[in-house]
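The sequence and the model are shown first, and notes grouped by topic follow.

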Amino acid sequence: MAKRNKFSFMFAVVFIVLALVTAACSGNSNSTVNNGSKNNAEGETDKPQKNVTLTYSIWDKIQQPAMEAIAKEFTAENPNIKIKVEVIPWGDYWTKMSAAAPAGTLPDVFWMHGGQFVKYATGNFLEPITSKVQAGEIDLNNYAADLASIYTLNGENYGVPKDFDTIGLAYNKELFDQANIPYPDDTWDYAKLAEVAKQLSQPDKGIYGFGAKLDTQTGYWNDMLANGGSILSSDLSKSGYDDPASIEALKARYQMILDGASPTHQQMTDTEATEMFKSGRLAMIFDGSWRISDIDSSEIIKDKWDWAKLPSGKVKRGNIINGLGNVMSAKGKNKEEAWLFLKFLGSQKAAEITAEMGAAIPAFNGTQDAWLSSRPHLNLKIFTEQVADAIPYPSGSKSYPVWFAKEPEIMSQAWGGAISVEDAAKKIAEMMNQAIAETK
Amino acid sequence: MTEMQISSARNINWIVHIILIISAVVMLVPFVWMVLTSLKTTTEATQIPIHFFPSAPSLRGYIEAIKQSAFPHYYMNTVFTAIMKTVFPVIFSSMAAYAFARLRFPGSTILFVLIISVMMVPNPVFYTPQYMMMSDLGLVNTVTALWITSLISPFATFLLRQFFMTISKELEEAAVLDGCNPFQIYWHIMLPLVKSALVAIVIIQLQWSWNELQWPLIINSSPEKMTLSSGIATLVSMFGTDYPVLMAGAFMAVVPMIILFFIFQKQFIEGIAFSAHKG
Amino acid sequence: MNSRSRYVWAYFMIAPTLIGTLVFWGWPVLQSILLGFQQSENFGLVNHWVGFANYEKLFRDAEFWQNLRNTLYYVALFVPVTLILSTIFAVLLNTKIKGLSIYRVIFFLPQVTMPAAAAMVWVVLFAQDFGLINHILGTRVAWLSNSNYAMIVLVIVGVWGAIGLNMLLILAGLQGIPKSLYEAADIDGAKRFNKFRYITIPMLTPTLFFTSIILLIGATQIFDSIFLIIGKTNVALPSVRSLVYAYYQNSFVYFNPNYGAAIINVLLLINLLLTGIQFAFQKKWVVYD
């Protein structure tokens, strides 16, 4: 009997504890929501003064401090609007957004990528800002390199340009000095890159000349363009992967792994190429302007590295410019406030904060100089200078999210040595063309 | 026992010990390596030839991992979610299991098959429809969403039914004669008899809840609404192959459960043994 | 008690589980079945009926058959190995050996290690250049990207993580075997092995039946470890990609939830079949008291 009582007692205790915990917890989780609506009721007579908290979702933790600084500045001007900056890592970002979109739970304001934009805009998940533009609340001509056009669909504007990025060649000065080889400069071409990469490699020590990684925007897309190939045809209707010039460029990159001038694909999976560069084990690597502060934070390589332009290829110097945009949800509960914040994100003030903190190259014309001097020890102007060489990121179609997700799965078969580079390129072209046809 | 039997028993004991020691070492290697790597620098973690011990132990991994995540929230959410996902399934499942095992009623077979066939559906199937439900209820990005969909457990229902079926019917029959209703029989007589299975289920449910990875990642986006498992998974997306940070995060996620388990292992494991002996 | 009131009690007692199952699990499954016959657009907000088109495409897809083979291969390796090792450890730990409780704790530790954390450390252990495993073996094998070894790695990680729980369940089963049976056998002068063969094993069959079903169902759903350890740019992915992995990719990455649903519905059917077979054959080998 005693045993049985003890048993029931245990259950009772668990239940009571549970009840307490539940009460405490639900109180907690509801508080933000309640706050909003309570204040809403109080301030009904004075509508613009209602207190709201907006969620601003971004994917880059490195830019979080800058985004929070902008949000703080905004709240100082609009004390009734608080901003919660939320970092969702790139790897989970689009999965989460694609669950949130149909459910109507997209964040109030969030970062948009050119590749994903069309899918969200055609589904009417983004709030058009065309009327605001026409009313003169914001001037889209303020932004560099026609970036606003990325976030325009069928004559409707949806996004405010945030920043842009291009690709550079990062090099480890120490490894060049040790080998008595002059640093990369504007005169370099791909032949020179391959030659020097071989000279700098010491595989027995785990040091390689170049990270010939399996990557698109910071990898072989630049090679393909420089060699006269293409990623997509200019009308976005056909893949350029099976262009002989594209295939030749892909083969040349893979050859660097075979030559021992680059770590293998598995090595670069075990340790990311950028991570290898940061620990001084790669002499050269292509990387995007968004990785600057990440690389510069490495104690090992600090003050021993710099940037150069990408090498030129048979036809030209390849590069890709991509502009991120800020957009707002069409189903947000506080769209008026969200617009105020979106407008502020596109302001000169926000761009200056972005530039000064070295977070990204701001899109707002005239603020890029501040970014260039944010890290005076680095040759950052190669990024803005290469805008002239660059083609826009190959987005702008509904099929992009599909083929872009499948592309690395096929290419990794070549990079891992299971099929030839040529076969992989042709398979990718076929897959892309099919994806384009299916989403027509 | 004869001399020979005793010496052969001793030999067997030795063999058993050796097998167990080797296996234990193999089981432990990942933990040891996790701790060692977490204290290395990023470069040392991937150095060739490998260093077993960090040459200059550094806490950078821990500092970075803590800075980029919300561990206090992770712990609280994980513990709370685990309690909810353990207590309710144990109660509900044991009730249902008893009914399925002992109370013959129309439709019992089909309903039982229906419930356990749910086990055969892979978890990702539930993500989209359950996300929609949570969004209709306004529960996206809340702690409630972490557990509300898991208050029942087909697995526990199945396990407990197996246990109830092995219990002899005599005890019950006596209780029926005393005028007990089925719920009273279940609560006062049957439940204490399957205590060992209940302990096992508590452990299993706790552990499942503890390990659940994808659902919190999909339903919640604020770090303060994440659990340990999903929280440290976002470290991978953030830090790539910066192994000391990942290992530090993993270690901090695993350690509370290990400590809990060390403290309660007698109740956990021997509780099963002990109550079964009496039963 | 009359049968009428027994029914009422029975329905009352299964109600929470039944309702919960139908709402949170049954409804999504129904949707999944419907999705398999539809073509969705705009994140699933627009759906057209397409009959068996998704299944026709599926059965002509070589990748699907490869994924099915991979899944069954994993099941065929993982389930028996886990079951045998768990039983061995449970039997060894069911004796009065020294250090018993420490062993039990150690074997259970992987069980309390979340897959996300475990995956991270296994990736480091199996790394080609700086991995401990290559160091100990004196090899330089790229374990994770070798199409022959990648599956073995997944099985090792799976077994490592599963032994603790199954050992515990079997241990509970062992403890439940009445001592009187062994005592009677001792009087008859039975040998150690014979006692194991004729008392332990038969008495353990209900537990083994249960654990084998749970293991089987779990194994057919392998996903997390492929996702976390192998990854999407791995040359070995085609040789380990499971049905659930393909489902996840189609539903959440390729924006093709219909094709994903078709894949998962086939798996559901397979699982029902496998479990059905096990239930049908349980009378042949499972001894209920």
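Predicted model: local features only at pLDDT ≥ 70, side-chain atom pairs only at ≥ 80, totals over all residues.

**Strand pairing in chain A**

A:Tyr171 has A:Asp306 of S10(A) as its bridge partner.

- Strand S7 of chain A, residues 167-172, pairs with S10(A) in the antiparallel sense, and four bridges join them.
- A:Asn172 also stands opposite a residue of S10(A), namely A:Trp305.
- The covered face of S10(A) carries A:Trp305 and A:Trp307, whereas A:Asp306 and A:Ala308 belong to the uncovered face.
- Strands of a sheet pair through backbone hydrogen bonds, in either a parallel or an antiparallel sense.

**The four-stranded sheet**

- Four strands of chain A form an open sheet in the order S8-S9-S7-S10, with mixed pairing.
- Strand S8 (208-210) and strand S10 (305-308) of chain A are the edge strands, and each of them pairs on one side only.
- From one strand to the next, the twist averages 30°.
- Helix H7 of chain A, residues 190-200, packs on the sheet and touches S8 and strand S9 (282-288) of chain A.
- The direction of helix H7 makes about 165° with that of S8(A).

**A residue of strand S9: A:Leu282**

- A:Leu282 is located in strand S9 of chain A.
- Is A:Leu282 buried or exposed? A:Leu282 counts as buried because it has 31 C-beta neighbours inside 10 Å, and a residue is classed as buried when 20 or more other C-beta atoms lie within 10 Å of its own.
- Leaving aside residues up to four places away in sequence, A:Leu282 touches A:Asn172, A:Tyr208, A:Gly211, A:Ala273, A:Met276 and A:Phe277.
- A:Lys304 lies 22 residues from A:Leu282 in sequence, and their C-alpha atoms are 12 Å apart in space.

**Further strand pairings in chain A**

- Strand S1 (residues 52-58) and strand S3 (residues 109-112) of chain A pair in the parallel sense over two bridges.
- Within that region, A:Tyr56 stands opposite A:Val109 in S3(A).
- S3(A) also pairs with strand S11 (residues 320-328) of chain A, in the antiparallel sense and over four bridges.
- A:Trp111 stands opposite A:Asn326 in S11(A).

**Domains of chain A**

- Chain A is divided into domain 1, covering 51-164 + 322-372, and domain 2, covering 167-318 + 398-438.
- The centres of domain 1 and domain 2 of chain A, taken over C-alpha atoms, are separated by 30 Å.
- Where the two domains of chain A meet, 11 residues of domain 1 are in contact with 10 residues of domain 2.
- Helix H4 of chain A (residues 114-122) supplies the largest share of the domain 1 side that touches domain 2, with five residues.
- The residues on that side of domain 1 of chain A divide into four nonpolar, five polar and two charged.

**Chain B: elements and overall form**

- Chain B contains 14 helices and zero strands.
- The radius of gyration of chain B is 24 Å, well over the 19 Å that the globule rule gives for 279 residues, so chain B is more spread out than a compact globule.
- The C-alpha trace of chain B spans about 75 × 75 × 30 Å along its principal axes.
- Of the 279 residues in chain B, 52% are buried.
- Among contacts in chain B between residues at least 6 apart in sequence, 76% join residues at least 24 apart.
- The domain assignment of chain B gives domain 1 (3-60) and domain 2 (69-239).
- Taken over C-alpha atoms, the centres of domain 1 and domain 2 of chain B are 35 Å apart.

**The contact between chains B and C**

- The contact takes 83 residues from chain B and 76 residues from chain C.
- Which helix gives the most to the side of chain B that touches chain C? Helix H14 of chain B (residues 243-278) does, with 16 residues.
- The residues on that side of chain B divide into 64 nonpolar, 19 polar and no charged.

Technical notes:
Residues numbered from 1 in each chain as written. Chains lettered and ligands numbered in written order. Contact = placed C-beta atoms within 7 Å. Nonpolar A, V, L, I, M, F, W, Y, C, P; charged D, E, K, R; others polar. Rg over C-alpha atoms; globule rule 2.2 N^0.38 Å. Buried ≥ 20, exposed ≤ 12 C-beta atoms within 10 Å, placed from the backbone. Pairing = 2+ DSSP bridges. Axes fitted to C-alpha atoms, helices over the stretch in contact; angles between N-to-C directions. Domains from an automatic or database assignment.
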